[in-house]
Amino acid sequence: MSGIYRLQDPLAQTYDVIVVGSGATGGWAAKQMAEAGLKVALLEAGRAVSPKEFTEHMPAYKLKYRDHSPEIARTRPVQKQCYACMEYNYEWFVNDLENPYSTPQGKPFTWQRLRILGGRSLVWGRQSYRMSDNDFKAASRDGYGDDWPISYADVAPYYDIVEKYVGITGAAEGNEMLPDGQFLPPMKMSCGEILLRERVKAKFGRTVTIGRAAVLTQNHNGRLGCHYCGPCERGCSTFSYFSSPFTTVKDAIASGNCTLITNAVVSHVDMDNATNKARGVTYVDRLTRQVKEVKGKSVILCAQALESTRILLNSSTREYPNGLGNSSGALGHYLMDHVVGGGAYGKLPGLKGKADANEPQRPNGIYIPRFRNTPTSGKHARFIRGYGFQGGADMDFNFGAEGYGTQFKNAVKEGEYQISMGGFGESLARWDNFVEIDKDLKDAWGIPALRISMTHGENEAALMEDAAVTAAEMLEATGAREIKLQASVEMPGMAIHELGTARMGTDAKKSVLNTFNQTHDVKNVFVMDGASFVSSACQNPTLSMMAITVRACANLIDRFKKSEV
Amino acid sequence: MKRRELLKTGAFAGAVAALRPPFGQGQDAKSNTGLTPAQSGVDASNDLAAPGWKPKFLDEHQNETLIVLSDLIIPATDTPGAKEALVNRYIDLVLAAEKPEAQKAFVNSLGFLDGESMRRYKTAFRYLKREEQDDLLHALAYAKAGSGWTGEAATADPGHTHFEFLKQQIARAYYSCEAGEKELGWDGAFAHGPYKGCEHAEGSHK
């Protein structure tokens, strides 16, 4: 049977709130609503997850293919493109044969997804950055696109709440593009990173800071500090990085008000047309294929940007023939994913040392906040918006050493000091980047699949071209040698930061959601994930997604208290 | 989407499912647990040392050639080398599961080595004297430079490309096995305390 963690028939009652998706935002929505005393049904398309299946302490030589399995590509040719889909954990990722989507010819898109309790929060990169009004109000500054209908001041208190609970390691920098937050002690920088920080500040005035990451540097909220074993994406036996099953979802269930239903593949929102309100959702049991309904007074979609939009598009009725909440026609449009592929790497021969297999593995890197098109830098001649860099520098084994024999064996051990940085650029919101339902394609549960149509444009290409040059100049200033440029534009989806497709706005004719993530059209349907983003900024979005979710939940709780739902 | 449509397609999907292995089954999983072998605790580290091992993909000559080559590229020193670490068996295992183009690439590179050996010595690589094997590998192991007299650029060097490809396959196999991890100095522990980072005085890196 599916995992239903209450004794009563969970489908017999009407919940106050149905939350679809148990990842970073779904966990928060469930926690906030359940702890407020509301009855919550939390639906997850995958199975439950147990710490017993974590493999972060299993050496690769115990695996059949030592983590180079060619077999994964048979069932997960798309998922395998994700760095975190490994021989260790590939079953957490969707089976691509069961979960198809289509793309137009010449417009490849890689959609990397997990279906398991916690979703992508189990394997995410953990980088956590606030957005500023340079992002929320970017359109007012450069004339492109639309401002968000909310500002930094609206979200700042909720960033505080999320950061204090999650535990974000980082250093305050006072940077105009990257607001500081509630930080746990920062992780240390390596010698090469310190050198980079000093030289880059001196020559270019740019900030190099330690990454802000959802990893504990000290015991926090009942979780242990990081023990620096390295591969977070295989699970963490001390729960030191933030993932929803062992934090927010755990809290929601502990409240006694949350019913978790796993293996529930939601197909659509059920509407009561007479009242123009949702009355619940329908799902297909992943294992039995039985079709079931959950009844609720409100529905919060946190299924991941494209999955939430897919559910709305599949929820069309006579009144909403083009998808629920789509009277504006904007549903599915303005798809974004950060552009990646620009950067540089090299070697720092001036730094001595020896590679060490027993060095603690820091699950974090360095970050260089956006320095193009800032209030200080002024406008760039060739592009709008900008990019941030992630990277690192450390002594590592030299597996690329030349020669062979004993000389090669010794050279590998000797190691070399390597340094690299890669850009994450803003993806402009464009109407012609969109998703729709592919009428000829269904998933293994009979649910119509998406057709994803997205390309990066000239501005994104210019960002990555510039990122390659500025990365090289910063490496050069640090004393790097054998510098190699990378100025490509990777296919959309590679950043795994899908955003937009159900944007928020004050004008119901141009947007899907209002400022509290409520659909303009149906007052008890909400989308609380990356789908609501109006612009992408260039920072990793999960922290902002969580803060916006907590803000929207606070508003919804108030409305429940006022009996407005 | 209408519930009726979903029931219809769901029922159809159920009927199809009954005719084939259950969805969610891992490519190598014995049961429908939704766990990878690693997550199930399977330890495959001794599989390749099983007595009576035979190659699944390579033929006998290719396998023996690979053993000789791997022993030259990563020899035993005060630690075991690639031959003792059975890297040929691991490479054979991976190749057997690889796509045809990857299989072909490896066989081509191994074939190139034998071709060069035949061209120079009229003998397959595995049967050469040790000095001859070294001579041949030295000719392939380093990238060609252009002319120091005319300034003419070096032409493409397929020999070096084939050598590097084989070397990287062997190195990956070796450094991912237990002997390789020990060669790098790993003590077998997974946590080594907090990351200390740079401990030098501020401004000391000039």
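**Exercise 1.** In this predicted model, determine what share of the residues of chain B count as buried, and describe the secondary structure of that chain.

*Solution.* Begin with burial: of the 206 residues of chain B, 31% count as buried. Finally, consider the contacts in chain B with a separation of 6 or more, of which 54% join residues 24 or more positions apart.

**Exercise 2.** Describe how chain B takes part in its contact with chain A.

*Solution.* The contact draws 59 residues from chain B and 64 residues from chain A. On the side of chain B that touches chain A, two or more residues come from each of α1 (3-18), α2 (60-73), α3 (87-97), α5 (130-141), α6 (158-175) and α7 (178-183) of chain B, and α1(B), with 9 residues, gives the most.

**Exercise 3.** Classify the relative orientation of helices α5 and α11 of chain A, and characterise the contact they make.

*Solution.* The axes of α5 (residues 152-166) and α11 (residues 542-561) of chain A come within 8 Å and cross at roughly 110°. Angles of 65 to 115 degrees count as roughly perpendicular, and α5(A) and α11(A) are therefore roughly perpendicular to each other. Among the residues making the contact are Val155(A), Tyr158(A) and Tyr159(A) of α5(A), together with Leu543(A), Met546(A) and Arg551(A) of α11(A). The residues of this contact divide into 10 nonpolar, no polar and 1 charged.

How values were computed:
Residues are numbered from 1 along each chain as its sequence is written. Chains are lettered from A and ligands numbered from 1 in the order in which they are written. This is a predicted model: local features need pLDDT of at least 70, side-chain atom pairs count only at pLDDT 80 or more; totals for chains, interfaces and linings use all residues. Two residues are in contact if their C-beta atoms, placed from the backbone, lie within 7 Å. Helices (H or I, at least four residues) and strands (E, at least two) are DSSP runs, numbered from the N terminus. A residue is buried if 20 or more other C-beta atoms lie within 10 Å of its own, exposed if 12 or fewer, and partly exposed in between; C-beta atoms are placed from the backbone. Axes are lines fitted to C-alpha atoms, for helices over the stretch in contact, and angles run from 0 to 180 degrees between N-to-C directions. Angles under 35 degrees count as roughly parallel, over 145 as roughly antiparallel, 65 to 115 as roughly perpendicular and the rest as oblique. Ala, Val, Leu, Ile, Met, Phe, Trp, Tyr, Cys and Pro count as nonpolar, Asp, Glu, Lys and Arg as charged, and the others, Gly among them, as polar.
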